[in-house]
Amino acid sequence: QNKEKEKRAAELAIANKELVFKINERKQTETALRESEQKYRLLFDEMSSGYAVHEIICDPGGKPVDYRFLSVNAAFEKMTGLHSAEILGRTVLEVIPATEPVWIERYGQVALTREPAQFENHASALGKTFEVRAFSPEAGKFATIFSDISERKRTEETLRENEDKFKYVF
């Protein structure tokens with residue numbers, strides 16, 4: 001019986017050591033994950049480009065008709081004037097009812113096909129022109145990285161007008 005108890009005690013000691021090892025391993029993994037998330041969050045929040053993640057909303061026929069704001073960074077808020085506390089969980093048509101359909105169509109194509117897109121487009125409701133890179137991190141969702149190029153577009157238009165005037169004069 002003593003040998004049986006000693007054997008059982010040895011087995012329990014080994015099991016305890018394995019359990020402690022697994023617990024320590026899990027704690028290290030969780031710590032590494034938290035640190036990685038903090039680094040990602042810092043990058044996300046401090047980047048100068050606007051960044052947002054959205055979920056596409058389709059009608060019963062599968063046509064994109066709207067999209068929902070899931071997360072945005074500070075640069076997004078600064079460039080658009082839209083604040084995360086007021087938009088997260090809401091759709092673009094709830095937030096900006098005058099959103100041009102082309103935005104929803106382009107983003108819908110990215111979210112549904114998972115094919116990235118890059119384009120420039122004017123958002124009349126915001127009175128700004130953006131250079132946009134859109135990609136799909138998972139099916140039915142899309143992320144955007146964008147810059148406000150309104151000033152550049154105004155400068156290009158002024159230059160074009162001045163060239164036209166010059167050509168007219170000469």
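**Side-chain contacts**

Mentor: The side chain of N73 reaches the backbone nitrogen of Y51 at 3.0 Å. This is a predicted model, in which local features need pLDDT of at least 70 and side-chain atom pairs pLDDT 80 or more, while totals for chains, interfaces and linings use all residues. Residues are numbered from 1 along each chain as its sequence is written, and side-chain values use heavy atoms, leaving out hydrogens and water.

Trainee: Is N73 buried or exposed?
Mentor: N73 sits in the loop between β2 (64–72) and α2 (74–80); helices (H or I, at least four residues) and strands (E, at least two) are DSSP runs numbered from the N terminus. Buried means under 20% relative accessible area, exposed over 50%, and partly exposed in between (1.4 Å probe, protein chains only). With a relative accessible area of 1%, N73 is buried.

Trainee: How many salt bridges does a search of the whole structure find?
Mentor: A salt bridge needs a side-chain nitrogen of Lys or Arg within 4 Å of a carboxyl oxygen of Asp or Glu. Searching the whole structure on that basis gives a count of 11.

Trainee: What is the N to O distance between R160 and E157?
Mentor: These two are 3 residues apart in helix α6, so they are separated by about one helical turn. The side chains of R160 and E157 meet in a salt bridge at 3.0 Å.

Terms used. Polar contact = N/O pair within 3.5 Å; in protein donor to acceptor, adjacent residues only side chain to side chain.
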